[in-house]
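Trainee: I'd like to go through the labels on this one and hear what backs each of them up. Can we take it element by element?

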Amino acid sequence: MADEEHHDPANCTIVGEILTRVGDRWTGPLLIALGDRRLRFGELHRAIEGISQRMLTVTLRHLERDGLIVRTVYATVPPRVEYELSDRGRSLRDVLQHVGAWVVAHKDEIVQSRQQFDAAAEADPLPIVIGR
């Protein structure tokens, strides 16, 4: 418990950056698509519905920079490139699977809370404040 009670502001930046990365639109689907296999760019692109080639490239670079994936280039003509999760990436995927399981376990309650909130907001909307 001592670690939970100690807050080091120096960690906030990196924690925020990684939470932003994990919460972006494409990181989760990419981690799931890779699973425990190696995939080429085209295979990943086909596996993740709706992602553009540019966003796949950007997301892969960010994840490689953070050490979450390993990019292997083979000296062939043309060069063959494969991507796989690193040990760190697999450990993050495992944590995210627990978060996903928590969401599924509480899905009905979350939907109910949203419906109650939306109904209350519709019945008594917050006033719009312009300026101060």
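This is a predicted model: local features need pLDDT of at least 70, side-chain atom pairs count only at pLDDT 80 or more; totals for chains, interfaces and linings use all residues.

Trainee: Which residues of α6 are buried, and what puts them on the same side?

Mentor: The buried ones are G89, L92 and R93. They cover an arc of only 100° around the axis, so they sit on the same side of α6. The face turned away from that buried side carries exposed residues, namely D87, H98 and A105.

Trainee: What covers the buried residues of α6?

Mentor: The cover includes α2, α3 (27-34) and β3 (80-85).

Trainee: On to α3. Which of its residues are buried, and how do you know that they share a side?

Mentor: T27, L30, L31, A33 and L34 are the buried ones in α3. Their arc around the axis is only 165°, which means they lie on the same side of α3.

Trainee: What makes L31 buried?

Mentor: L31 has a relative accessible area of 1%. The cut-off is under 20%, so L31 is buried. Leaving out residues up to four places away in sequence, L31 touches L85, L92, R93 and L96. L92 and R93 are among the buried residues of α6.

Trainee: And what comes after α3?

Mentor: G35 follows α3, and its phi is positive, near 50°. Most residues other than glycine have a negative phi.

Trainee: Why is L63 called buried?

Mentor: L63, in helix α5 (residues 53-65), has 0% relative accessibility, so it counts as buried. Not counting residues up to four places away in sequence, L63 touches R21, T27, L30, L68 and I69. T27 and L30 are among the buried residues of α3. L63 and L31 are 32 residues apart in sequence, with their C-alpha atoms 9.5 Å apart in space.

Trainee: R21 is an arginine in helix α2 (residues 12-23). Why is R21 counted as buried?

Mentor: Its relative accessibility is 16%, and the limit is under 20%, so R21 counts as buried. Beyond its neighbours within four places in sequence, R21 is in contact with T27, H62, L63 and D66.

Trainee: How do you know that R21 and D66 make a polar contact?

Mentor: Their side chains are joined at 2.9 Å. The cut-off is within 3.5 Å, so the pair qualifies as a polar contact.

Trainee: What makes R80 count as lying over the face of Y74?

Mentor: R80 is 4.0 Å from the ring centre.

Trainee: Last one: which peptide bond is cis?

Mentor: The bond joining V77 and P78 is cis, with omega about -5°. P78 is in the loop between β2 (69-74) and β3. Most peptide bonds are trans.

Notes: Residues are numbered from 1 along each chain as its sequence is written. Side-chain values use heavy atoms; hydrogens and water are left out. A charge sits over a ring if NZ of Lys or CZ of Arg is within 6 Å of the ring centre and within 35 degrees of the ring normal. Helices (H or I, at least four residues) and strands (E, at least two) are DSSP runs, numbered from the N terminus. Buried means under 20% relative accessible area, exposed over 50%, partly exposed in between (1.4 Å probe, protein chains only). A polar contact is a pair of N or O atoms within 3.5 Å; within protein, one must be able to donate a hydrogen and the other to accept it, and residues adjacent in sequence count only if both atoms are side-chain atoms. Contact means heavy atoms within 4.5 Å. The arc is that of the directions from the helix axis to the C-beta atoms.
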